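Dear colleague,

I am passing on the structure we spoke about, and below it you will find what came out of going through it. Please read the text with the structure open beside you.

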Amino acid sequence: MQITEHIASLSDEGRLLAAAAEQAGPGASVPTCPGWQIRHLLRHTGMVHRWAAAFITEGHTAYHPDGGEPDLDGAELLAWFREGHRHLVRSLEEAPADLECWTFLPAPSPLAFWSRRQLNETTVHRVDAESAVGGPLTPVSADRAADGIDELLTGFHARPKSRVRSDKPRTLRVRAVDTAATWTVRISEDPPQAERTASEGSAEDVDCELSGTAEGLYLALWNRLPLTAVTLRGDRAVARLWTDNSAVTW
């Protein structure tokens with residue numbers, strides 16, 4: 001996806017998140033984030049938006065801590081969230097193509113990294129907010145979902161921080177039936193190694209395969225939908241290894 005597409009989608013996702021949060025109310029439980037209420041979701045995501053925007057606007061070339069979560073609630077908290085989201089979108093829109101700042105995953109450029117990362121951050125938490133409301137979720141296009149799977153498998157879980165490990169080497173295939181994308185994830189005592197291939201090139205035997213729409217896989221791999229939302233073939237224990245250990249700490 002192009003940077004401009006990421007930023008436009010980020011703008012949409014933040015507005016959807018705020019609208020769902022307003023509908024649910026600050027005290028509503030977030031079923032996809034046990035222990036959280038909507039107020040916690042808004043404080044967390046709003047903090048992340050401001051933290052990311054600071055790298056873009058202030059040009060920090062090394063890690064810079066976030067400003068913490070505010071002691072706000074109700075309408076004041078919702079307005080604070082919306083203000084921070086708009087600031088993040090404007091910061092990305094106005095950033096130069098040759099922006100130099102700190103990042104924490106491989107990307108073609110810092111601007112590409114932050115637009116993609118904040119889009120996925122906001123999309124997942126928009127799903128959280130809509131889950132608190134109940135009813136259908138706003139769809140995620142197949143291309144966007146596949147891009148999000150790619151970031152998760154080849155970015156986040158390639159880092160030493162990943163807890164998806166196994167004493168016995170295991171192989172998980174993730175196959176998006178509505179795109180040409182398939183990922184082969186090799187799980188061992190080291191961080192998982194994921195390789196993306198075209199679907200027709202995925203004849204290798206694996207221990208477990210998860211298949212479904214790119215959107216279904218995206219949300220299941222982020223633990224926002226249960227494994228029953230996708231098709232599982234092979235050893236269920238490999239899939240459980242993922243769901244039990246894949247929660248991301250940035």
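In this predicted model, helices α1 and α3 run roughly antiparallel to each other, because their axes cross at roughly 175°, and an angle over 145 degrees counts as roughly antiparallel. The axes of α1 and α3, the latter spanning residues 74–94, come within 10 Å. On the α1 side the contact is made by Ile7, Leu10, Ser11, Gly14, Arg15, Leu17, Ala18, Ala19, Ala21 and Glu22, while α3 contributes Leu78, Phe81, Arg82, His85, Leu88, Val89, Leu92 and Glu93. Sorted by class, the residues in this contact of α1 with α3 are 11 nonpolar, three polar and four charged.

Arg15, which takes part in that contact, also forms a salt bridge with Asp12, and the closest N and O atoms of the two are 2.7 Å apart. Both of these residues belong to helix α1, where they are three residues apart, or about one turn of the helix. Side chains of opposite charge can pair when their charged atoms come close. In total, the structure holds 19 salt bridges.

A second pair of helices, α2 and α4, packs at an angle of about 170°, with the axes 11 Å apart. That angle makes α2 roughly antiparallel to α4. From α2, the residues Ile38, Leu41, His44, Thr45, Val48, His49, Trp51, Ala52, Phe55 and Ile56 meet Trp114, Gln118, Glu121, Thr122, His125, Asp128, Ala129 and Ala132 of α4. The contact of α2 with α4 is made up, by class, of 10 nonpolar, six polar and two charged residues.

The largest share of the lining, six residues, comes from α4, and the lining as a whole divides into 15 nonpolar, eight polar and four charged residues.

The second largest pocket has about 270 Å³ of space, and its lining consists of 16 residues, with Pro106, Ala107, Pro108, Ala112 and Arg116 lying nearest the centre. Here the elements that give two or more residues to the lining are α1 (3–24), α4 and α5 (142–155), and α5 gives the most, with five residues. By class, the lining of the second largest pocket comprises eight nonpolar, four polar and four charged residues.

With best wishes

Technical notes. Residues are numbered from 1 along each chain as its sequence is written. This is a predicted model: local features need pLDDT of at least 70, side-chain atom pairs count only at pLDDT 80 or more; totals for chains, interfaces and linings use all residues. Side-chain values use heavy atoms; hydrogens and water are left out. Helices (H or I, at least four residues) and strands (E, at least two) are DSSP runs, numbered from the N terminus. Ala, Val, Leu, Ile, Met, Phe, Trp, Tyr, Cys and Pro count as nonpolar, Asp, Glu, Lys and Arg as charged, and the others, Gly among them, as polar. On a 1 Å grid over the protein atoms alone, a cavity is a set of points where a 1.4 Å probe fits but cannot get out, and a pocket is an open set with protein on both sides within 12 Å along at least five of seven lines; lining residues have an atom within 4 Å of a point. Grid points are joined across faces, edges and corners, and a volume is the space filled by probe spheres set on the points. Axes are lines fitted to C-alpha atoms, for helices over the stretch in contact, and angles run from 0 to 180 degrees between N-to-C directions. Angles under 35 degrees count as roughly parallel, over 145 as roughly antiparallel, 65 to 115 as roughly perpendicular and the rest as oblique. Contact means heavy atoms within 4.5 Å. A salt bridge is a side-chain nitrogen of Lys or Arg within 4 Å of a carboxyl oxygen of Asp or Glu.
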